[in-house]
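Okay, let's get going, everyone.

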Amino acid sequence: MAHPPPGPTAANIVSSNAGYSGTPLWKLKQQGAVQNLSKVVAEVEEAKQQAALEEENSETLKVAVDAVSLGRTDVGGEKPLVRHIIVKDLRKVAARSKVQLPAGGLFENRAPVMLFALFDGQSCAEAAGPLAAEWCAKQVIPKLLRNLSALPPGYENATFIKATLTKTFEDLDKEILRGQPAIHDGCGGALALTVGERLFSAVCGKCDVVLCEAGGPPQRIRYISISLGANQGRCDLEGEQKWLTDNGGVVFQAEGGAYMVSSPAGAVAAVSRSIGDRSWKGADGGVAGSVKLLRASPETRVTEISWAERHQFLILVSAPVAGVVPPDECVTAGTEFLGKPRAISGEIANRAAEAPGNGSASQCTAVVVHFMEKQDKAGQPPAAKKARKEAESVRLRHILVKHRDCGAPFDPVKNRPVTRTREEAEQVLRQALRELVAEAKGIKLPADVSKAKMTALQPTPKYVSLCKEMSECSTAQKGGGMMGDLGWLSTDQLARFGPSFADTARTLNVGQWSALQAPSMASTSSSASPEVSAHVAA
């Protein structure tokens with residue numbers, strides 16, 4: 001028996017006469033061939049409007065993100081102790097996973113949703129291990145998406161989103177204890193979720209999330225640090241001590257001044273909260289005779305973000321970093337390299353790695369999220385003009401520092417092989433950036449805009465000195481104003497360096513220095529790491 005064709009949906013209607021050659025839609029509707037046409041067309045229009053709104057929101061709220069991890073890495077068969085996650089568009093991930101995020105409340109108008117997190121196997125009760133952190137990093141996104149999608153209409157507010165983060169951490173803990181018998185170690189977690197211009201944070205254990213807030217008059221801006229995980233994780237905190245002692249633990253001050261907790265079985269831990277650590281979770285952990293002393297519940301907060309105005313950036317750090325680099329010092333490093341997340345994360349991780357309390361077995365990780373200035377849609381050029389601008393060439397100068405793992409570890413200027421590590425190369429460039437930024441602050445540009453641009457085009461004495469001293473590119477051998485000059489680079493030439501490099505080059509103002517870049521030239525083999533460089537628009 002013949003069946004009538006199924007009615008169309010918003011997904012399969014692509015034009016007004018799709019699949020029906022030459023027959024008007026009104027006639028098809030009259031004949032019953034097209035069912036619920038008005039509903040389908042409305043769905044298509046709504047989908048278009050939502051896509052346009054999402055694109056507009058993503059253009060308005062932007063971030064620049066980077067991370068550096070020093071110490072123990074995934075070499076020699078050892079798994080990393082710290083895993084970090086960077087998701088600039090959680091809506092896309094949800095769509096690919098076929099998960100429907102809430103549409104009302106804080107999520108209405110398709111507010112941009114971003115996720116940044118790290119899980120640290122060093123923030124645990126006993127010996128550090130990689131398994132719990134690795135598992136949590138793989139599972140946190142699907143569990144968070146599932147919990148967010150379960151929010152009923154009318155509950156898409158700050159209170160219930162914070163509760164969702166708490167449930168996500170507790171779900172991770174329960175799944176490890178009940179469904180992953182091979183995982184015996186534990187980990188801490190630091191998570192930052194942005195929904196529109198609200199920041200939701202969740203911290204469990206000794207890692208942390210640090211928010212930089214600016215205040216004071218424009219001529220004397222003052223930056224302060226806000227630790228979003230300061231009220232949990234440590235045994236010296238009054239609230240944590242009460243929980244531990246009420247549940248059978250004994251809190252004491254160990255040699256060196258650190259506070260620790262002892263279980264009834266005599267085991268000792270330096271944390272008050274963790275994910276995993278089954279021997280400290282009572283019956284849930286499946287270890288006979290154990291008492292539940294450690295919780296997986298995170299400290300959660302919500303902050304209304306003044307995007308790139310009062311709030312400049314946030315930093316997620318692993319336990320070895322939080323233990324030796326205080327929040328104020330993290331913010332100081334951040335303001336020194338403001339707008340350059342790679343330099344900030346490298347500086348913080350390096351300070352922690354060099355601290356006496358951390359050895360080579362520690363993994364020092366810092367993830368920096370820089371809130372970029374909002375784009376004024378009214379002041380932006382039309383799409384056609386914007387496309388022409390993006391097609392224009394860009395002139396750059398740079399300082400290039402190679403390392404032993406790059407595609408061509410040879411210095412053509414000094415005619416010798418390069419033996420330094422990538423971390424050492426970045427450290428050299430951070431010092432160069434520090435000196436160049438300090439010089440720029442002392443340069444007084446002419447009041448006339450065109451004259452100011454002409455002045456910025458000229459290489460400064462400090463740049464000439466640094467380029468001649470440290471750049472390992474043949475352009476450093478050029479004389480005078482051409483030193484380090486890459487010339488005018490077309491769109492195709494920029495693309496050869498990689499998409500992130502091209503995007504960065506196009507956002508630079510004349511005379512402005514970029515963050516540290518790792519261009520991936522087409523001639524570089526995929527197994528080799530790229531060189532590291534800093535660039536200024538000319």
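Glu213 counts as buried, at 19% relative accessibility, where buried means under 20% relative accessible area, exposed over 50%, and partly exposed in between, all with a 1.4 Å probe and protein chains only. Quick word on the source: this is a predicted model, so local features need pLDDT of at least 70 and side-chain atom pairs count only at pLDDT 80 or more, while totals for chains, interfaces and linings use all residues. Residues are numbered from 1 along each chain as its sequence is written, and side-chain values use heavy atoms, with hydrogens and water left out.

So who does Glu213 pair with? Its side chain meets that of Arg310 in a salt bridge, 3.7 Å from N to O; by salt bridge I mean a side-chain nitrogen of Lys or Arg within 4 Å of a carboxyl oxygen of Asp or Glu. Arg310 sits in the loop between S12 and strand S13 (311-317), and Glu213 in strand S6 (residues 208-215), so this pair ties together parts that are 97 residues apart in sequence. Helices (H or I, at least four residues) and strands (E, at least two) are DSSP runs, numbered from the N terminus. Arg310 itself is partly exposed, at 38% relative accessible area.

Next pair: Lys281 and Asp173, with a salt bridge at 2.7 Å, N to O. Lys281 is in the loop between strand S11 (275-276) and strand S12 (299-304) and Asp173 is in helix H5 (residues 158-179), so here the parts tied together are 108 residues apart in sequence. Both of these residues are buried.

Glu134 and Lys138 form a salt bridge, 3.7 Å from N to O. Why about one helical turn between them? Because they are four residues apart in helix H4 (residues 131-149). Buried or exposed? Glu134 is buried at 14%, and Lys138 is exposed at 56%.

How many salt bridges does the structure hold? The count is 27. Some link up: Glu329, Glu336, Glu347, Arg351, Arg430 and Arg434 form a network.

Last stop, two helices. H9 (residues 341-354) and H11 (residues 422-441) meet through residues including Glu347 in H9 and Arg430 and Arg434 in H11, contact meaning heavy atoms within 4.5 Å. By class, this contact has two nonpolar, three polar and seven charged residues; Ala, Val, Leu, Ile, Met, Phe, Trp, Tyr, Cys and Pro count as nonpolar, Asp, Glu, Lys and Arg as charged, and the others, Gly among them, as polar.
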